[in-house]
Amino acid sequence: MTKQLKRLKRVAAIHDISGFGKCSLTVVLPVISAAGIETTVLPTAILSTHTGGFTDFTYRDLTDDIQPIANHWRSLNIEFDAIYTGFLGSFAQLELMEHFFDTFRTRDNLILVDPVMADNGELYKIFSSDFVVGMRRLCTKADLIVPNLTEAALLLNEPYNPGPYTEDYITDILKKLSSLGVEKVVLTGVFFDAQKLGAATYDAATGTLDYALANRIPGYYHGTGDLFASALLGALLNDFSLHEAASIAVRFTTSAIQKTATAGTDIRFGVNFEQSIPEFLQDILK
Ligand code: PXL
């Protein structure tokens with residue numbers, strides 16, 4: 001008798017495809033798949049490169065394809081253990097995501113919204129301030145959000161603080177983000193001194209706040225937010241706690257950045273996460 005394989009856990013990953021530059025789906029898909037999780041992809045746009053530091057990139061908006069794709073999946077009765085949204089290419093896509101969540105929400109799936117829209121104190125040039133309002137609204141529909149400190153400030157309509165931070169400041173930001181109407185928050189880019197950098201996790205259901213910090217590597221590297229959030233989700237779906245998952249994701253991201261810093265490649269080209277996958281899997285398979 002053939003042994004019936006149990007269905008793998010499945011994620012709907014909703015991000016753009018930036019052909020070159022290692023971010024969004026070219027990072028999300030390999031990392032979540034490596035974690036043993038089936039990954040269904042819904043591309044929001046196709047670009048030749050990401051928008052960070054490149055000029056003259058091509059941009060094909062896929063807003064009109066989203067609803068027909070979702071309708072087809074619905075007709076097949078596909079279920080997702082998690083829905084993970086990142087870069088959304090238009091204001092209309094924010095509304096389409098709300099509808100997607102309503103359609104595919106089950107009693108126990110996880111909706112992760114990474115409010116990709118800003119970094120280093122600046123809103124990405126392609127977005128207007130309306131987009132921030134729409135993203136704030138989408139975050140209230142999530143179970144978990146993963147903003148960096150720039151996105152956190154925009155979501156809270158507060159001035160950006162470049163850091164270093166205090167524990168009081170981070171606690172306040174986490175609680176205020178959760179008060180927008182989301183149970184779990186993982187804040188990235190947290191540092192209290194020049195030596196360490198990482199993430200802070202907050203679960204409003206238990207009131208638990210934790211830090212996952214690692215040695216800071218100077219410089220700014222593209223795609224690391226997507227790498228971090230994908231590893232976090234992969235670990236959560238392998239039943240690690242929020243704090244454990246954030247620690248795994250910080251280790252993986254730091255390892256990839258370290259390899260890239262050592263190689264000295266152009267920071268726009270993304271980080272060498274591929275050769276850190278074995279370390280990530282050692283953590284996941286523990
Ligand atoms: O990694 C975030 C991201 C995703 N997608 C596109 C981007 C960026 C950041 O710049 O430009 C197209």
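In which sense do strand β9 and β10 pair, and over how many bridges? The views below answer this and show other parts of the model. This is a predicted model, in which local features need pLDDT of at least 70, side-chain atom pairs count only at pLDDT 80 or more, and totals for chains, interfaces and linings use all residues. Residues are numbered from 1 along each chain as its sequence is written, and side-chain values use heavy atoms, with hydrogens and water left out.

**View 1**
Strand β9 (residues 184-190) pairs with β10 in the antiparallel sense, over 6 bridges. Helices (H or I, at least four residues) and strands (E, at least two) are DSSP runs, numbered from the N terminus. Two strands pair if DSSP finds at least two bridges between them. K184 has D203 in β10 as its bridge partner. A hairpin is formed by β9 and β10, with 5 residues between them. On to strand β11 (residues 208-215): 8 bridges join it to β10, and the two run antiparallel. D203 has T208 in β11 as its bridge partner, and K196 has N215. β10 and β11 also form a hairpin, with 4 residues between them. In that turn, G207 has a positive phi of about 70 degrees. Strand β10 (residues 196-203) is largely enclosed by the rest of the structure, because 6 of its 8 residues are buried. Buried means under 20% relative accessible area, exposed means over 50%, and partly exposed lies in between (1.4 Å probe, protein chains only).

**View 2**
Strands of a sheet pair through backbone hydrogen bonds, either parallel or antiparallel. Here 9 strands form an open sheet, and the pairing is mixed. Their order is β3-β2-β1-β4-β5-β8-β9-β10-β11. The edge strands, β3 (59-61) and β11, each pair on one side only. Helix α1 (residues 25-34) packs on the sheet and touches β1 (10-20), β2 (38-49) and β4 (82-85). Contact means heavy atoms within 4.5 Å. The direction of α1 makes about 140 degrees with that of β1. Helix α3 packs on the sheet too, touching β1, β2, β3, β4 and β5 (110-113). The direction of α3 makes about 175 degrees with that of β4.

**View 1. Helix α2 against helix α3.**
Two packed helices are described by the angle between their axes and the distance between the axes. For helix α2 (residues 63-75) and helix α3 (residues 91-104), the axes come within 10 Å and cross at roughly 5 degrees. That makes α2 roughly parallel to α3. Angles under 35 degrees count as roughly parallel, over 145 as roughly antiparallel, 65 to 115 as roughly perpendicular and the rest as oblique. Axes are lines fitted to C-alpha atoms, for helices over the stretch in contact, and angles run from 0 to 180 degrees between N-to-C directions. From α2, the contact residues include I66, A70 and W73. From α3, they include L96, F100 and F104. The residues of this contact divide into 8 nonpolar, 5 polar and 1 charged. Among the buried residues of α3 are L96, M97, F100 and F101.

**View 2. T85, inside strand β4.**
T85 has its place in strand β4. Is T85 buried or exposed? At 0% relative accessibility, T85 counts as buried. Not counting residues up to four places away in sequence, T85 touches I14, H15, M97, F101, L112, V113, D114 and L138.

I267 is found in the loop between α8 (242-263) and α9 (277-284). I267 is partly exposed, with a relative accessible area of 35%. I267 and Y221 are 46 residues apart in sequence, and their C-alpha atoms are 5.2 Å apart in space. Residues up to four places away in sequence aside, I267 touches Y220, Y221 and H222.

The peptide bond from G163 to P164 is cis, with omega near 0 degrees. P164 is found in the loop between α5 (149-156) and α6 (167-179). K22 is not a glycine, yet K22 has a positive phi of about 45 degrees. K22 lies in the loop between β1 and α1, and is partly exposed at a relative accessible area of 24%. N120, a residue other than glycine, has a positive phi near 50 degrees. N120 lies in the loop between β6 (118-119) and β7 (122-123).

Conventions: Nonpolar A, V, L, I, M, F, W, Y, C, P; charged D, E, K, R; others polar.
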